[in-house]
Number of protein chains: 2
Amino acid sequence: MIRMNKLTDYGVVLLTTFAREPAHGISARELSARTGIPQPTVVKLLKTLLKAGLLVSQRGTKGGYALAKLPAEVPVSAVIEALEGPLAITECSVPGMCEHERRCVARPNWAAVNDVIHEALSKLTLAEMTRPAQAHPPRPAPLLPSIDSPPRSIAP
Amino acid sequence: MIRMNKLTDYGVVLLTTFAREPAHGISARELSARTGIPQPTVVKLLKTLLKAGLLVSQRGTKGGYALAKLPAEVPVSAVIEALEGPLAITECSVPGMCEHERRCVARPNWAAVNDVIHEALSKLTLAEMTRPAQAHPPRPAPLLPSIDSPPRSIAP
DNA sequence: AAATACAGTACTGACGTAGTCCTAATTGAA
DNA sequence: TTCAATTAGGACTACGTCAGTACTGTATTT
């Protein structure tokens, strides 16, 4: 499984929560209550997203966080990059990360794959994440029956 | 960074090595020498790839491994799935992995992204990995200067 | 002044990855 | 027939990252 961190997944959920009512500020406490993500973890994520410029903050009693931009202006790729660094499936997308990059025959092919992934995630914005979604990229996912198990991608 | 395992990266390198001369069998020892990947690690990977049906094996003195199919018939996605399981950036691609999947508003969007990634990696075959590559998907990667550091994606 | 909420940093435990090691089983060649 | 090379199949371990926690400080509102 090529996967995102749990925290990155949480981060997208948090920002999607903001995107549903972009005008309001929301406190970490409130976000934790709405998403089910533990408050300390929410706090930690918000700090990172703040530093990345995706959020603005307000201290004090009536304080909280809010989106720094309109939901339609924030691609999911920006969220992932804020929380995980460069968006790619191989480290060689960052020059200097691999000692073999100069003679590696695989590298140009990985770069192409990385581009495809990056493009897909750049086109998807927070505004689109707030909708039940049906109509952007390819075909819809098959909706199979399910059993319950560990938490991931919590609904806001 | 959304990334593959180091081992998966190695796996692709190993299979690409086979793809360059599909007719021959190659021993684990030989593969280690050619790729620079430690022999125990090579052995471990080959076992997994064998079980997945990507390789065939021959025991004994003149033994070794060979591709089970033509390089053009093996998509990179199959290699990744053999070594990492289902190919997706979120766990919710596997029904039952997430307790919130039924009410998660993000899920259909993730599914769409997963599809894009899966498609890109399905189109890329081992045959194409053996070529210096220039002409499939999008634009070529920028070739910037580099400094040396940890090993990844070793050239066969 | 007190309560609320953000800011920043340091720490800890758990888990998965990467890598190693050991003991069969099989085959080809001397 | 014996030996050497090679795969088969595990169990095991060290390490690093991730996820989560704790603590202290600063700002703002009432």
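Are H2(A) and H3(A) oblique or parallel to each other, and why? The model is predicted: local features need pLDDT of at least 70, side-chain atom pairs count only at pLDDT 80 or more, and totals for chains, interfaces and linings use all residues. Residues are numbered from 1 along each chain as its sequence is written, chains are lettered from A in the order in which they are written, and side-chain values use heavy atoms, without hydrogens and water.

In chain A, helix H2 spans residues 28-35 and helix H3 spans residues 39-51. Helices are DSSP runs (H or I, at least four residues), numbered from the N terminus. H2(A) and H3(A) pack at an angle of about 120°, and their axes lie 9 Å apart. Axes are lines fitted to C-alpha atoms over the stretch in contact, and angles run from 0 to 180 degrees between N-to-C directions. H2(A) and H3(A) are therefore oblique to each other. Angles under 35 degrees count as roughly parallel, over 145 as roughly antiparallel, 65 to 115 as roughly perpendicular and the rest as oblique.

From H2(A), A:Ala28, A:Arg29, A:Leu31 and A:Ser32 meet A:Gln39, A:Val42, A:Val43 and A:Leu46 of H3(A). Contact means heavy atoms within 4.5 Å. This contact has 5 nonpolar, 2 polar and 1 charged residues. Ala, Val, Leu, Ile, Met, Phe, Trp, Tyr, Cys and Pro count as nonpolar, Asp, Glu, Lys and Arg as charged, and the others, Gly among them, as polar.

In chain B, H2 (residues 28-35) and H3 (residues 39-51) pack at about 120°, with axes 9 Å apart. H2(B) and H3(B) are therefore oblique to each other.

Terms used. Helix = DSSP H or I, 4+ residues; strand = E, 2+ residues; numbered from the N terminus.
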